[in-house]
Amino acid sequence: MSTSKPIKILVVGCGNMGIAHATAYHNFPEFEICGLVSRGESNSKLNKQLNAEYPLFSDFDEALAQSNPDAVCISTYPDTHEEFALKSLEAGCHIFIEKPLADSISGCERIIAKAKKVDKKVVVGYILRHHPSWIRFIEEAEKLGKPLVMRMNLNQQSQGYMWDVHRNLMKSLSPIVDCGVHYIDVMCQMTRSKPVSVSAIGARLTEDISIENYNYGQLQIRFEDGSVGWYEAGWGPMVSETAFFVKDVFGPKGSVSITAKNAGASGQSDNVDSHTKTESIRVHHAEIDSQNKFTKPDEWIDLKDEPDHQELCIREQKYFLKAIQENVNLDDHLEDALNSLKIAFACDESVKTGETVNL
């Protein structure tokens, strides 16, 4: 594809993530939005927000046929991902798709197979992979020796609009699957080891969701190299904000932690900017002298490049653009997306059966 001609992109889903991605495309000369698709009025609101007059659609098939895009950005609820992705690939489009890639393992595998068959790019929205502080966090964790102990959570005391969003998400996935794929992906990058088993617990704390689902979950992973990790996520007006933001790893040589001074403050747990804010990384060295006293003080790494949520979405779209223009091989990217989802679904199975699941 010529780099001089803009890539016509159809934006499907105009909620939180759709708005952020559309804003990036709107400001990139390399992209040209050829349509905004949503079931409600969010697409016309987005047009106003962007001060634009992009074509509006309420039906995905109609939008795909009429707008004739080169690429499609899918930021809808996970239960539509597979259908929209397969149709977009069939139409010869590259795809940027929010995580999870699909709401089933077989769905993921079908998308990956179709992308290979039609030779089109599929980039999954693993936003933390584009965050300089998280990249550094993983690098520091890799210096701690093995095995690693990885502790992470993201509990969100959601109310108002965010509780509507969370209830809708829980029509297809639990919080530990929807959010957990990010942090499982981080743990896999830190250990570079094969996960061998998972166990998980969950609780349904509201009548507002299906009896099959749960709005609090905690998962534990064991890795081949002896490393272990846990992740917990809860959504809803009843969730506690105490210690909602834990991002902490330790190994034989010490520990490294993300300490979000402001993002970890009360009232910030359902603010999407606070989920990516890191502010500082604290490195602790375990070396001791003959009196068992520490030989080195803790180090604070303050990263100047601290992107907000919108800037991270811009970086994701730069990567998508590069993948298309430079024909980047995305096999590993898609394998990682599938792997983290397999682990998340195994955790979901463990919650429902009460058994440890071997991978």
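Predicted model: local features only at pLDDT ≥ 70, side-chain atom pairs only at ≥ 80, totals over all residues.
**Exercise 1. The end of a helix**

*Solution.* Residues are numbered from 1 along each chain as its sequence is written, and side-chain values use heavy atoms, with hydrogens and water left out.

Step 1. Helices (H or I, at least four residues) and strands (E, at least two) are DSSP runs numbered from the N terminus, and the residue that follows helix α3 is Asn68, with a positive phi near 50°. Asn68 has this positive phi although it is not a glycine.

Step 2. Most residues other than glycine have a negative phi, and most peptide bonds are trans.

Step 3. Asn68 is placed in the loop between α3 and β4, and its relative accessibility of 55% is why it counts as exposed, given that buried means under 20% relative accessible area, exposed over 50%, and partly exposed in between (1.4 Å probe, protein chains only).

Step 4. A second residue of this kind is Asp119, which is not a glycine and yet has a positive phi of about 55°; Asp119 lies in the loop between α5 and β6 and is exposed, with a relative accessible area of 58%.

**Exercise 2. The faces of α3**

Determine which residues of α3 are buried, and where they fall around the helix axis.

*Solution.* Step 1. Within α3, which spans residues 60–67, the buried residues are Phe60, Ala63, Leu64 and Ser67. Seen down the axis, these buried residues fall within an arc of 95°, so they line one face of the helix; the arc is that of the directions from the helix axis to the C-beta atoms.

Step 1. Ala65 and Gln66, on the other side of α3, are exposed.

Step 2. The elements against which the buried residues of α3 pack are the strands β1 (7–12), β2 (31–37), β3 (56–57) and β4 (71–74), together with helix α4 (81–90), where contact means heavy atoms within 4.5 Å.

Step 3. At the N-terminal end, α3 is capped by Asp59, a side-chain oxygen of which lies 3.2 Å from the backbone nitrogen of Asp61.

**Exercise 3. Two helix pairs**

Describe how α3 is set against α4, and how α5 is set against α12.

*Solution.* Step 1. Two packed helices are described by the angle between their axes and the distance between the axes. Axes are lines fitted to C-alpha atoms, for helices over the stretch in contact, and angles run from 0 to 180 degrees between N-to-C directions.

Step 1. The axes of α3 and α4 cross at roughly 20° and come within 11 Å. That makes α3 roughly parallel to α4, since angles under 35 degrees count as roughly parallel, over 145 as roughly antiparallel, 65 to 115 as roughly perpendicular and the rest as oblique.

**Exercise 4. Cis peptide bonds**

Locate the cis bonds that join Lys99 to Pro100 and Lys146 to Pro147.

*Solution.* Step 1. The bond from Lys99 to Pro100 is cis, with omega near -5°, and Pro100 lies in the loop between β5 (94–98) and α5.

Step 1. The bond between Lys146 and Pro147 is cis, with omega about -5°, and Pro147 is in the loop between α6 and β7 (149–153).

Terms used:
Polar contact = N/O pair within 3.5 Å; in protein donor to acceptor, adjacent residues only side chain to side chain.
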